[in-house]
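These are my notebook entries on one protein chain. I set down each term with its cut-offs where I use it.

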Amino acid sequence: MKAAQIFAVFTLAFLAQANAMKVMKAESELEAPLHGLSGEACTEDEYKRYKTIVCDLKEACGCSETLCAQDWCNGYMRKWKKEFGACTLQGCP
C-alpha cells in the first residue's frame, strides 16, 4: 500500500513537471516571430501585377464584383483572385 502511495506521488510530480515544461515551451513559442507572417501581404510589385492581370481583364470581360459577362472568364478570374489573395482586398482602382 505504501509503495502505491509513493508511486502515485512520484507520478503526480512527474506529470506536474511535464505540464510546467509544456507551458514554458508554449510561452517561448509565442515570443518567437512566426515565419512567413512578417512583412506585407501584398507588395507593391504584386499589386501592379494584380492590376495588370485582374483589373484590366475585368473591364475586358465585363465583370461585376462577383460575376462576369462571359462564362469562361468566371473561372479564370476566380483562379487569379485566389492566386493574388490579399491584393484582392485593395481592389481595382
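I began with contacts: two residues are in contact when heavy atoms lie within 4.5 Å. Of the contacts in the protein chain with a separation of 6 or more, 55% join residues 24 or more positions apart.

I noted the source next. This is a predicted model, in which local features need pLDDT of at least 70 and side-chain atom pairs count only at pLDDT 80 or more, while totals for chains, interfaces and linings use all residues. Residues are numbered from 1 along each chain as its sequence is written, and side-chain values use heavy atoms, with hydrogens and water left out.

Entry on the whole chain.
I looked up the secondary structure, where helices (H or I, at least four residues) and strands (E, at least two) are DSSP runs numbered from the N terminus. I found four helices and zero strands, in the order α-α-α-α along the sequence. I then looked up the accessible surface, which is computed by the Shrake-Rupley method with a 1.4 Å probe; for residues, only the protein chains shown count as cover. The surface of the protein chain comes to about 7,700 Å², and carbon and sulfur atoms hold 62% of that area.

Entry on burial.
I call a residue buried under 20% relative accessible area, exposed over 50%, and partly exposed in between (1.4 Å probe, protein chains only). Of the 93 residues in the protein chain, 18% are buried.

Entry on the core.
A nonpolar core is a set of buried Ala, Val, Leu, Ile, Met, Phe, Trp, Tyr and Cys residues joined through side-chain atoms within 4.5 Å. The largest one has 14 residues, and those touching the most other members are Tyr50, Val54, Cys63, Cys73, Met77, Phe84 and Cys87. Helix 2 and helix 3 are the elements that give two or more residues to this core. Helix 2 supplies the largest share, six residues. I also listed the contacts of Cys87: leaving out residues up to four places away in sequence, Cys87 touches Cys42, Glu46, Tyr47 and Tyr50.

Entry on charged pairs.
How many salt bridges does the structure hold? I found two, a salt bridge being a side-chain nitrogen of Lys or Arg within 4 Å of a carboxyl oxygen of Asp or Glu. Side chains of opposite charge can pair when their charged atoms come close.
Glu44 and Lys48 are about one helical turn apart, because they lie four residues from each other in helix 2 (residues 44-61). Glu44 is exposed at 57% relative accessibility, and Lys48 is partly exposed at 45%.
Another bridge joins Glu46 and Arg49, whose closest N and O atoms are 3.5 Å apart. They are three residues apart in helix 2, so about one helical turn separates them. Glu46 is partly exposed at 25% relative accessibility, and Arg49 is partly exposed at 39%.

Entry on two single residues.
Apart from its neighbours within four places in sequence, Lys58 is in contact with Cys63, Ser64, Glu65, Met77 and Cys92.
I then turned to Asn74, which lies in helix 3 (residues 71-84). Its relative accessibility is 18%, so Asn74 counts as buried. Beyond residues up to four places away in sequence, Asn74 touches Leu67 and Cys68.
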